[in-house]
Amino acid sequence: MSSRAEILAKVKQNKPTLVPLPNIDFNDLITYPDLITQFISVVEKIGGAVFLYPTEEDLAKNISLEPNETYNINTLNMSEAEKLSLSKVHSLDLERVHTAYFRGKLGVAENGSIWLDEEAMVNRVLPIICEHLVLVLDKNLIVPTMHHAYQNIDVSKTGYGTFLAGPSKTADIEQSLVIGAHGPRSLKVCLIG
Amino acid sequence: MKVALFVPCYIDQFYPNVGIATYQLLKKLGCDVAFPLNQTCCGQPMANSGFSATTTGCDKNFVENFKGFDYIVAPSGSCVLHIKDHLKDEQNPEEAKKIRNSIYELTEFLVDILKVTNLESTFPHRVGMHISCHGQRGLHLSSMTETMDKPFSKPEQLLMQVKGLQLLTPERPDECCGFGGTFCVFEEAVSVKMGKDRVKEHEANDVEYITAGDVSCLMHLEGILKRQNSRVKTIHIAEILNHTV
Amino acid sequence: MENLKNHATAAEEFIKDEPRTDWHDETLWFVRQKRDLAAHTLPEWEELREWGSQIKNHTLSNLDEYLENFETNAQANGIKIHWAKDAEEHNQIIHKIITDNKFEKIVKSKSMLTEECHLNEFLIQKGIAVVDTDLGERIVQFRNEAPSHIVLPAIHLKKQDVSETFHKHLNTEKGNNDPQYLTEAARQHLRNHFVESELAITGVNFAVAETGGFVVCTNEGNADMGVNTAKIHIACMGMEKIIPKAEHLAVFLRLLTRSATGQPITTYSSHFNKPRPGQEMHIVIVDNGRSRQLGRADFRNSLKCIRCAACFNTCPVYRRSGGHSYHTAVAGPIGSILSPNLDMRANADLPFASTLCGSCSNVCPVKIDIHEQLWKWRQVLVNEGYVTTTKKIGMGGMAMVFAHPRLYRLLGSIGRKTIKWFPFFVNNKLNPWYKQRDMPEAPKESFRDWFKKQQK
């Protein structure tokens, strides 16, 4: 008998009587008086910085003023052809990326995370390997909790996606928090609207 | 109200004053108190060590002694919890069940059954409360820091009624003292370290006494205090509640 | 209990350095406090725990079907599924993938399952080196130690220790103990491994039957960095990691990090559904005793564990004895109820390494009755004969005395002075009680004697 068959047979034999799934009552979930204020306060608490822009044009203007000598990748308004070529770039060639810009699909007020899927990332390693990360998010896309998040997005729509919350961090040495473990050393969240 | 007093074995043998205070207190509060003379032990020391299979005789003796009472009261959260969770008697299953449901830890009995709100006792001292785990997490005598309960405490509710008593809470209000039954000898190093850390927090509050609802915790803390020549003394909550000037 | 170094002995050694023990205790207590604060931010916390518990109970009661669903959906996503009935098979599957591809540059993010299976040791014996990329795991790997905590692998070490280790292995400045500096050195060192990695091994926090995808949570970004570079991703998964639907992830992602570190969520909660173009993705589903544990009614719900380590941080024994004293991959209270299933003889001491205070069960995000299972394992271990003979005789003697009231009274009257018949009251220097504690003073009369006088 294959290990698969053996394992499944044993599980079938040993599992207890079927019990039902719970009913998750959304009425019992925490509510926030102001989702945006809550979202901003958590992002700041977990090491991110938040900037507000009335429109995306204002943000674009701001980006254009940034110094040009650094190696930045802006995915916000990339053509399909640019995306296709970026998707094939290896980590070795992305290692020096200074700042990378992405458009988040949804924000979660309770934990300050932003959902980025493969489509938004263009290249899976880019939001992790860049030194500094900028995530752009429409204010109206902030939901209260993770329950609402999974209701609003299909996490299996693309091959890969992540709820990204703050810059990479570690506290593995004496529980001292250090920002910038392996991934980005900073996270800027630009809220539009 | 017919109340049977259960005085756990080590209280009977080493801390008779705790039994006496409990007895006197219940009498004062109007209970008809009986002390079944052939009682011994709840069986916990064996069961917690993995030997529950050996406690049949002990269980049988317990049922024999405590059947037929309205309530059974003991000055020990730990022993009461053990009876509630584990007492069985194959020949007398109904009696065993009745006992499991009618046994109370002392402060629980005073608060929930006698509804004591005005104790005539005095104890003009600085007292630190040690919450015993089995009383708290097992019998739910007080809220627990891990869960989101509204704060409450049956023992403290009673101590607040004692004149002159100043109640002080240690920094970690419900950390285990490290007694743990036979853990206290088989894991001696950890047990003592846990006890020393409890003592240190009470000493930082400059208490005169550490009190608790369980003699086992107090015996362990007392052993450490005495070895360290500390001025802090231990006293069972029954002795405080029964204390008058 | 006849281990070479059982928990009690190892704990005693740990405690010898009392300031360090205090530091360890306080550091982990601080994590417990952060957990309390985080839990208190959600009014629905206790209900959330209940949902988590019920989802896991449901899944375990239908585990075979969910595993098959998961397999079908994952395969449709282009993921290759392997089944391993034990640690050996798990290790061989991974070894074969490595050798088939002739890969040499292998990185691994944290996976307690690979620790349980001793994957690194297995591969080293075959001449294959794996670089652990979680900072804490890299530190202990340099030191040839095992992680002492499932979430904070190097929590037994102080920054001076890390500094010395990094000086030796990474040539950092001698005596520079700044965590920022040391972390930066590890970042530079591991970056080279990441960008060159050919094969990346990860664990699995949750696998979703409905989607065939799985979730890996990290704060450092090490799992994603390795996986998204490497040509092959192998995810090692205990078969109890399954949950039915993606929406259930909400419950567990809300519970996991709040319980673990007090964070509202990890920095990266990454959902892997399909390999990227040109990449291979493998999942090794491992039993290794889990199906056996599923059959033990008293212990099956230990399989609900989501490895948050809240029970470690709250455990007064763990905080004062250190993870290594548990001599297993998963230490702490949860380890003490999981490990006897793996090897009863070797781990017979662990269910006794607890005061049964119950704090572990209270913090458990999926409501495992940990302290009750510790009690139940004790009964099983005694019944199966895994305790020392001296303990057996002592307990038998006590049980006999307590079953016979007259004998009890007789021994009591003699014993109060010599205090012999309680196991912890042998009044001599060999008695562990007496080592650091005084005996209670024997009173003149027992309560019973007093009571009888009153009645006269």
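**Entry 1: C:Glu71.** I began by looking up what C:Glu71 touches beyond its neighbours within four places in sequence: C:Glu71 is in contact with A:Arg4, C:Ile81 and C:Trp83 (contact means heavy atoms within 4.5 Å). I found C:Glu71 in helix α4 (residues 63–76) of chain C; helices are DSSP runs of H or I with at least four residues, numbered from the N terminus. With a relative accessible area of 6%, C:Glu71 is buried (buried is under 20% relative accessible area, exposed over 50% and partly exposed in between, with a 1.4 Å probe and protein chains only). Its side chain makes a polar contact with the side chain of A:Arg4 at 2.7 Å. A polar contact is a pair of N or O atoms within 3.5 Å; within protein, one must be able to donate a hydrogen and the other to accept it, and residues adjacent in sequence count only if both atoms are side-chain atoms.

**A note on the model.** I am reading a predicted model, where local features need pLDDT of at least 70 and side-chain atom pairs count only at pLDDT 80 or more, while totals for chains, interfaces and linings use all residues. Residues are numbered from 1 along each chain as its sequence is written, chains are lettered from A and ligands numbered from 1 in the order in which they are written, and side-chain values use heavy atoms, with hydrogens and water left out.

**Entry 2: chain B against chain C.** I next looked up how many residues take part: 70 from chain B and 78 from chain C. Together the two chains bury about 6,700 Å², with 63% of it on carbon and sulfur atoms; buried area is the accessible area (1.4 Å probe) that two parts lose on being put together, summed over both. I noted 13 salt bridges between chain B and chain C (a side-chain nitrogen of Lys or Arg within 4 Å of a carboxyl oxygen of Asp or Glu). C:Asp25 and B:Arg172 join their side chains in a salt bridge, 3.0 Å from N to O.

**Entry 3: rings.** I then turned to aromatic pairs, and the count over all chains is 22. Rings of Phe, Tyr and Trp (its six-membered ring) pair if their centres lie within 6.5 Å; planes under 30 degrees apart are stacked, over 60 edge-to-face and the rest tilted. C:Phe142 and C:Phe166 pair edge-to-face, at 6.0 Å centre to centre and 85 degrees between the planes. C:Phe142 sits in helix α8 (residues 135–142) and C:Phe166 in helix α9 (residues 159–170), 24 residues apart. I saw that C:Phe142 counts as buried at 14% relative accessibility, and C:Phe166 counts as buried at 0%. Last, I found a cluster linked by ring pairs: B:Tyr23, B:Phe35, C:Phe447, C:Trp450 and C:Phe451.

Technical notes
Helices (H or I, at least four residues) and strands (E, at least two) are DSSP runs, numbered from the N terminus.
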